[in-house]
Amino acid sequence: MSASTTQADSQATAKAGSQARPQDRTQVLRPDRKKNRLGYNIVGLAVFVVMAFPVYWLVISSLRPNHEIRSYDQTLWPSSLTLDNFQRAVNQPNFATAIQSSLIICGVAVLGGMLLATIAAFSIARFRFRGRKFFMIVLLTVQLVPPTAMLIPLYIQLNDLGGLNEYWGVIVVYLVTTLPFATWMIRGFVINIPPELEESAMVDGCSRTGAFWRVTFPLLAPGLAAAAIFSLITAWNEYLLAYVVLQDNEKYTLNVWLMNFTTSRGVDYGALMAASTLIAIPVVAFFLLVQKYMATGLTSGAVKG
């Protein structure tokens, strides 16, 4: 009787010890985890400061008086704030036409790119055809070629087609520049949508096209948001191609229009910083509108592919 009792006690003690061991391990590892988390937080904060400081300096410089901007003694916060820089930037010639040009070119390029990229991504993800893998490799390979390397061929082709100094010439260049990456990005989202949803819609009477527009396309909102913000940033911030293709001051985009602040008498840094701040506002506003879809899309679109 005593032997059985002793054996039962030993088993209970072993069981209790096995249950206590994970807690002991947690207690032992918890300080290390706290240290690692603290280190990661410090590194993340340092990266944030490095990335945010240029933006902070841009905004602060746009609010500084000109004599402080040109001074050798720079401080993190200006002694006085002024809106004169913004007034000079807005009063600069062709400011309204530059906004119009940027909105037309970037808007049409992004919308057209999203439409073509969605159709191409759906075709690659849903259908099996000869040369499919080769086409996917070409999509990635094209991204390795910098747009500036194709500047002369693009100029010659647009000149032959009559696209120089025309909006549609720049729109076509921006569209084909962002189309490969947008197609590849949206493809990852199409793969994550079960094809059974489309099959169910076709059983209910929808055609293949109807099933795509009514079922698949609404579910692609995160992917479209992520691809759209990428395409908009690429087109909105581009300078060299717009400068080469557009030859009329009244058709310059905002980035090319910034050259007006550099004259033979020097650079108006205050107005330049103010104009750069104004140019960044539309992209930031668009990002804030779609950021919740973009955050969801970047995580869900990376699951398969």
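Trainee: Is Thr97 buried, partly exposed or exposed?

Mentor: Keep in mind that this is a predicted model. Read the relative accessible area. Thr97 has a value of 25%, so Thr97 is partly exposed.

Trainee: Where does Thr97 lie?

Mentor: Look for its helix. Thr97 is part of α4, which covers residues 95-126.

Trainee: Which residues does Thr97 touch, leaving out those up to four places away in sequence?

Mentor: Look beyond the sequence neighbours. Thr97 touches Glu250 and Tyr252. Now take Leu254, 157 residues from Thr97 along the chain. The C-alpha atoms of Thr97 and Leu254 are 8.8 Å apart.

Trainee: Which residues touch the most other members of the largest nonpolar core?

Mentor: Start with the general idea. Nonpolar side chains tend to be buried together in soluble globular proteins. Here the largest nonpolar core has 54 residues. Tyr174, Ile186, Trp257 and Phe261 touch the most other members. Several elements give two or more residues to this core, among them α3 (84-90), α7 (167-192) and α13 (269-300). Helix α4 gives the most, with eleven residues.

Trainee: What does Ile186 touch, not counting residues up to four places away in sequence?

Mentor: Follow its contacts on the model. Ile186 touches Met114, Ala117, Thr118, Ala121, Leu220, Gly223, Leu224 and Ala227.

Technical notes
Residues numbered from 1 in each chain as written. Predicted model: local features only at pLDDT ≥ 70, side-chain atom pairs only at ≥ 80, totals over all residues. Heavy atoms only, no water. Helix = DSSP H or I, 4+ residues; strand = E, 2+ residues; numbered from the N terminus. Buried < 20%, exposed > 50% of the residue type's maximum accessible area, 1.4 Å probe, protein only. Contact = heavy atoms within 4.5 Å. Core = buried A, V, L, I, M, F, W, Y, C linked by side-chain atoms within 4.5 Å.
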